[in-house]
Amino acid sequence: MNPVLTTVRRARLTAALSVPLAFTLAVIAAPAHAAPASSTSAVQAADCSDSRALPKSGTSKARSAKSLKRLPAGCFNQRGTPGPKGPKGDRGPAGPPGPCVDVAVVAGIAPGSEYSAAITRGRAFVGYRPSLTGAPIWRDLTRPLTPGYPRNACGIAVKLAGGRVYVKVLTTTGDLYETSCTTPALACTVGWAAVVKP
């Protein structure tokens with residue numbers, strides 16, 4: 001057989017087979033291109049009823065981004081059911097004790113007069129008021145003229161006896177101390193002395 005004629009026939013056969021083969025490959029490849037659209041539809045139809053709640057306002061950006069990554073694709077603005085209430089926390093420690101403040105009053109000999117004793121700002125005072133409308137006169141019982149005042153005094157009492165006014169204080173450790181002043185001038189020069197405690 002003529003070699004030239006054989007070569008020509010082979011070329012024509014190859015060309016005839018190339019067109020159907022190309023068409024067949026194009027048809028096979030078409031569903032692969034359509035697959036993403038089908039996948040997208042499946043994502044849009046995803047069930048979001050059990051998706052996590054979106055982060056609340058005030059959540060850090062890092063935590064917000066982390067929470068969003070947990071959401072199923074296509075699920076947004078879906079708030080989950082609130083969780084159960086957590087257990088009650090432990091009781092905190094007791095606070096420091098407050099300052100000691102106290103007052104006591106006893107009627108004076110003159111009608112409408114009265115004697116008072118008070119603890120405030122860490123000091124003890126005795127006072128005399130000549131009438132219900134008169135201004136009281138106060139004496140500081142923590143001065144050097146009345147030495148021995150207990151700095152942990154927290155309660156106070158007052159009484160009249162024998163022309164003197166007596167003031168007692170009770171300390172935070174249960175000790176009792178006493179001093180006295182003249183009446184009605186309130187000359188206070190007696191130091192504090194310990195009294196037998198209850």
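A residue counts as buried when its relative accessible area is under 20%, as exposed when that area is over 50%, and as partly exposed in between. By that scale Cys154, with a relative accessible area of 29%, is partly exposed, because this value falls between the two cut-offs. The structure described here is a predicted model, and its chain contains two helices and eight strands.

**Overall make-up**

- Read along the sequence, the elements follow the pattern α-α-β-β-β-β-β-β-β-β, and buried residues account for 22% of the 198 residues in the chain.
- When contacts between residues at least 6 apart in sequence are considered, 38% of them join residues that are at least 24 apart.

**Sheet β1-β2-β3-β4**

- Four strands make up an open sheet in the order β1-β2-β3-β4, with antiparallel pairing, and its edge strands are β1 and β4 (137-140), each of which pairs on one side only.
- From one strand to the next in this sheet, the twist averages 20°.
- Within the sheet, strand β2 (residues 114-120) and strand β3 (residues 123-129) run antiparallel and are joined by seven bridges; Thr120 stands opposite Arg123 in β3.

**Sheet β5-β6-β7-β8**

- Another open sheet is formed by four strands in the order β5-β6-β7-β8, again with antiparallel pairing, and here the edge strands, each pairing on one side only, are β5 and β8 (193-195).
- In this sheet the twist from one strand to the next averages 30°.
- Strand β6 (residues 164-171) pairs with strand β7 (residues 176-182) in the antiparallel sense over seven bridges, and Val167 has Thr179 in β7 as its bridge partner.

**Disulfides**

- With a disulfide taken as a pair of cysteine sulfur atoms within 2.5 Å, the count comes to two.
- Cys100 and Cys154 form a disulfide in which the sulfur atoms are 1.8 Å apart, and because the torsion about their S-S bond is about -85°, this disulfide is left-handed.
- Cys100 lies in the loop between α2 (61-70) and β1 (102-107), whereas Cys154 belongs to strand β5 (residues 153-161), so the pair ties together parts that are 54 residues apart in sequence.
- Cys181 and Cys188 also form a disulfide, with their sulfur atoms 1.9 Å apart; the torsion about the S-S bond of Cys181 and Cys188 is about 115°, and the disulfide is therefore right-handed.
- Both Cys181 and Cys188 are buried, whereas Cys154 is partly exposed.

**Surroundings of Thr146**

- Thr146 is found in the loop between β4 and β5, and because its relative accessible area is 1%, Thr146 is buried.
- A polar atom of the Thr146 side chain lies 2.7 Å from the backbone oxygen of Leu141.
- If neighbours within four places in sequence are left aside, the residues in contact with Thr146 are Asp140, Leu141, Thr179, Cys188, Thr189, Val190, Gly191 and Trp192.
- Among these contacts, Thr179 is the bridge partner of Val167, and Cys188 forms a disulfide with Cys181.

Terms used
Residues are numbered from 1 along each chain as its sequence is written. This is a predicted model: local features need pLDDT of at least 70, side-chain atom pairs count only at pLDDT 80 or more; totals for chains, interfaces and linings use all residues. Side-chain values use heavy atoms; hydrogens and water are left out. Buried means under 20% relative accessible area, exposed over 50%, partly exposed in between (1.4 Å probe, protein chains only). Two strands pair if DSSP finds at least two bridges between them. Axes are lines fitted to C-alpha atoms, for helices over the stretch in contact, and angles run from 0 to 180 degrees between N-to-C directions. A polar contact is a pair of N or O atoms within 3.5 Å; within protein, one must be able to donate a hydrogen and the other to accept it, and residues adjacent in sequence count only if both atoms are side-chain atoms. Contact means heavy atoms within 4.5 Å.
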